[in-house]
Amino acid sequence: MSTNSRLDADADADEDGDESIAELRTQLEVLTEENEQLRESYIRAKQAQYRRTALGLGLIGLLAGAAGMLVPDAREVLFALGGIGLFGAVLTYYLTPERFVSADVGRDVYTALAGNEAALVDELGLSETRLYIPTESGDDPVRLFVPQREAYSIPEDEALAHSIVVTETDTTRGVAFTPSGGPLFEAFEAARSGPAAETPAAIATQQTDAIVEQFELVDSATPDVDPEDSRLTVAIDGSVYGSLDRFDHPVASVIAVGLAAGLNTPVTLEQPTTNGDKSGSLLTYRWDRTDVDR
């Protein structure tokens, strides 16, 4: 092949490469625009859903109020229903979220924070123990404590208030964190209508229902309590925030916080394992107190 022919071929190849890059850029721009449109459509759909709910509640309130005018014998009940419907409509309409954060965003944020905490634990050469300890002082009702040694003792609340737990005794040294499940447990408590659960079985039922129904963090959660062994095992399927074996996973954390706060005793979270059918994970919690109500 002559030099000129080779140069022409190289030029054609460069042009083809430039065209391919240009096509890829065009496709990327189109996909980005479509993704933004889908996100906006999703937000509008969710807002419309909230507003339809508000409209429905408002109509129910008006109909109940009108019926109360026509049916004197049931007027008090119907007026009460009308007031509830109208009040619910106003709340639903004005509390409609203006921004929805996808699960991917929350998962990415959690992954970064969990990676930092796990790296700190590894670099300090701490133990594999993950202990959720109820406290009576400080901002956190429950603290996540990672002891320096496997043979540990529970630090005082004052020491647990610090991130780096440095005490005079080696067995009480380590690090302490605000558990990722702490704010979730507070949200659960704020929304709870019935009495607080006090037994391991009742607490497990409340917390697993919350992560499925209230927070929608998993597809299913099945608790199994063994009071004789002071153990709770929870079978988890469909975790929104990915694998449960990462540091202080929100799903595992909120159950641990609920147990520790409800039983008022330290709770140990063991390393999560995979179900035998490979379809989910098992979370195992243990506590030491023997006088817990069953």
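**Note on a predicted model**

1. Leu131, Tyr152, Pro266, Thr268, Arg286, Trp287 and Asp288 line the largest cavity. The volume of this largest cavity is about 30 Å³. The count of cavities of 30 Å³ or more comes to 1. The structure is a predicted model, and this holds for every point below.

2. Which helix gives the most to the nonpolar patch? Helix 1, residues 3–70, does, with 3 residues.

3. Is leucine 59 buried, exposed or partly exposed? The relative accessible area of leucine 59 is 46%. Buried means under 20% and exposed means over 50%, so leucine 59, at 46%, is partly exposed.

4. Aromatic pairs come next. The structure holds 3 of them. In one, the ring centres of tyrosine 110 and tyrosine 241 are 6.3 Å apart and the ring planes stand at 15°, so the pair is stacked. The cut-off for stacked is planes under 30 degrees apart.

5. Where in the chain do tyrosine 110 and tyrosine 241 lie? Tyrosine 110 is in helix 3 (residues 103–123), while tyrosine 241 is in the loop between strand 6 (231–237) and helix 7 (250–263). The two are 131 residues apart, and the pair links distant parts of the chain.

6. Tyrosine 110 has a relative accessibility of 8%, so this residue counts as buried. Leucine 59, by contrast, is partly exposed.

Key:
Residues numbered from 1 in each chain as written. Predicted model: local features only at pLDDT ≥ 70, side-chain atom pairs only at ≥ 80, totals over all residues. Heavy atoms only, no water. Helix = DSSP H or I, 4+ residues; strand = E, 2+ residues; numbered from the N terminus. Buried < 20%, exposed > 50% of the residue type's maximum accessible area, 1.4 Å probe, protein only. Phe/Tyr/Trp six-rings, centres within 6.5 Å; stacked < 30°, edge-to-face > 60°. 1 Å grid on protein atoms, 1.4 Å probe; cavity = no way out; pocket = protein on both sides within 12 Å on 5 of 7 lines; lining within 4 Å. Points joined across faces, edges and corners; volume = space filled by probe spheres on them.
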